Amino acid sequence: MAETGDGAPARSTGRGFGRVLVAVYGLFALAASARSAVQIATKFHEAPLAYLLSAFAAVVYIVATVSLARGDAASRRVATVAISIELVGVITVGTVSELVPDAFPDATVWTGFGSGYGFVPLVLPFVGLWWLRHTR
Amino acid sequence: MAIMAVALLLAAWAFGFVLANRPPGVPLLVGGAVLEALLIGFLIGGITQMTGSHRQFARAEFVIYLLACVAIPPIATAWGWGERSRAGTAVLAFGFLIMPVMVIRVQQVWAGPVG
């Protein structure tokens with residue numbers, strides 16, 4: 001059991017259901033990293049903005065995965081920030097990609113609210129934030 | 001395809017253990033090892049096939065997907081094994097469940113066009 005900084009007991013975010021959540025985040029970290037690595041290495045000039053966004057999403061997922069897995073007080077704060085950025089990212093990119101399709105000539109994990117990934121990227125930040133609250 | 005069938009059977013089996021409230025056990029580990037052996041064969045077969053082909057397709061993506069296929073079961077198993085409850089079993093179940101998706105993606109990349 002992790003202790004929060006102010007002495008209140010907290011359930012670790014990497015236990016129980018959190019174990020599964022970290023696995024899902026880990027998969028997205030892997031998927032986003034691999035996708036952006038391929039995009040940036042092979043065709044960066046085609047859609048620099050989309051590929052930089054892919055890389056940014058990958059970093060967000062990696063940070064969320066690691067901090068949720070660690071689950072100590074500092075990691076919980078990092079996880080909250082990362083998952084909040086993820087939420088803003090998926091909604092912003094999702095909205096822009098619907099309104100201005102030309103802005104993103106190639107897909108990122110967040111394009112179309114994550115429609116290429118069964119909309120899991122849209123649901124995941126809500127689950128993540130709920131879990132952080134739930135285990136507080 | 002054998003890999004998808006085995007992965008789906010393992011996922012169903014693991015979800016059965018989740019419902020029965022069981023921590024990850026040795027039978028699932030053995031099942032995962034069988035799947036992993038098939039995936040290593042898939043990796044080797046895929047790369048062999050790729051080097052013998054002159055077609056245009058996203059080769060780097062193809063290899064990365066194949067490598068991810070081989071990497072996912074051991075990572076999921078190691079992470080799930082660390083939790084001695086049904087949640088650990090659920091991680092294994094999830095790891096098995098996504099393998100058919102991964103295999104389909106490999107086949108899509110193989111078929112081209114660059115996506």
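## Confidence of the model

In this predicted model, chain A averages a pLDDT of 89, and 93% of the residues score at least 70. Confidence in chain A is highest in helix α4 of chain A (residues 120–134), at a mean of 97. The lowest mean in chain A, 42, belongs to strand β1 of chain A (residues 2–3).

Over residues 1–9 of chain A, pLDDT stays under 50. For this stretch the model has 13 contacts beyond four places in sequence.

## Architecture of chain B

Chain B contains five helices and zero strands. Read from the N terminus, the order of elements in chain B is accordingly α-α-α-α-α. Along the principal axes, the C-alpha atoms of chain B fill a box of roughly 50 × 25 × 25 Å.

Chain B has 115 residues, of which 40% count as buried.

## Nonpolar core

The largest nonpolar core comprises 66 residues. Within this core, F28(A) and C69(B) touch the most other members, and these two residues come from chain A and chain B respectively.

Which residues does F28(A) contact once its neighbours within four places in sequence are left aside? The partners of F28(A) are then Y61(A), V109(A), P121(A) and L124(A). Two of these, P121(A) and L124(A), fall within the residue range 120–134 of helix α4 of chain A, the element of highest confidence in that chain.

## Contact between the chains

On the chain A side, 12 residues are in contact with 15 residues of chain B. The residues of chain A that touch chain B divide into eight nonpolar, two polar and two charged.

## Backbone of the α3–α4 loop in chain A

F113(A) is not a glycine, yet has a positive phi of about 60°. This residue lies in the loop between α3 (73–99) and α4 of chain A. F113(A) is classed as partly exposed because 18 other C-beta atoms lie within 10 Å, whereas a buried residue requires 20 or more.

F119(A) is likewise placed in the loop between α3 and α4 of chain A. A positive phi of about 60° is also found at F119(A), again although the residue is not a glycine. Why does F119(A) count as partly exposed? F119(A) has 14 C-beta neighbours inside 10 Å and therefore counts as partly exposed, since a residue is exposed at 12 or fewer and buried at 20 or more.

Note on methods: Residues numbered from 1 in each chain as written. Chains lettered and ligands numbered in written order. Predicted model: local features only at pLDDT ≥ 70, side-chain atom pairs only at ≥ 80, totals over all residues. Core = buried A, V, L, I, M, F, W, Y, C linked by C-beta atoms within 7 Å. Contact = placed C-beta atoms within 7 Å. pLDDT = per-residue confidence, 0-100. Helix = DSSP H or I, 4+ residues; strand = E, 2+ residues; numbered from the N terminus. Nonpolar A, V, L, I, M, F, W, Y, C, P; charged D, E, K, R; others polar.
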